[in-house]
Amino acid sequence: MENITVYTKYNCVQCKMTKKFLSSKGVSFKEINIDEEVQYVDELKANGHRQTPVVAVKGVTTFTGFRPDMLAKITA
């Protein structure tokens, strides 16, 4: 089971860049598209997230947007 979950939307450039970064490092992740699985929208909003992607990693603070600095830390 993947330790990384990436919440995405359709037509989200930052989402595509985040997924491409993780894939280029050979890191597996679970993708949840909130346009398809709308039940996650309220949960993400309740946690203060207002943009995608939302990257959730076990043991690390959740972050949003394309963050190469954070992605490099979790893939090291």
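Analyst: We start with the strands, then turn to the core. This is a predicted model: local features need pLDDT of at least 70, side-chain atom pairs count only at pLDDT 80 or more, and totals for chains, interfaces and linings use all residues. Residues are numbered from 1 along each chain as its sequence is written, and side-chain values use heavy atoms, leaving out hydrogens and water.

User: Which strand pairs with β1, and in what sense?

Analyst: Strands (E, at least two residues) and helices (H or I, at least four) are DSSP runs, numbered from the N terminus. Two strands pair if DSSP finds at least two bridges between them. Here β1 (residues 4–8) pairs with β3 (residues 54–57), antiparallel, over 4 bridges. In that pairing, Y7 stands opposite V54.

User: Where is the bridge partner of V54 in β4?

Analyst: It is T64. β4 covers residues 60–64 and pairs with β3 in the antiparallel sense, over 3 bridges. The two strands form a hairpin with 2 residues between them. In the turn, G59 has a positive phi of about 85°.

User: How many residues make up the largest nonpolar core?

Analyst: A nonpolar core is a set of buried Ala, Val, Leu, Ile, Met, Phe, Trp, Tyr and Cys residues joined through side-chain atoms within 4.5 Å. Buried means under 20% relative accessible area (1.4 Å probe, protein chains only). The largest core here has 12 residues, including I4, F21, V55 and M70. β1, α1 (13–24), β3 and α3 (68–75) each supply at least two of its residues. α3 gives the most, with 3.

User: What does M70 touch?

Analyst: Contact means heavy atoms within 4.5 Å. M70 touches V60 and F63, not counting residues up to four places away in sequence.

Terms used. Buried < 20%, exposed > 50% of the residue type's maximum accessible area, 1.4 Å probe, protein only.
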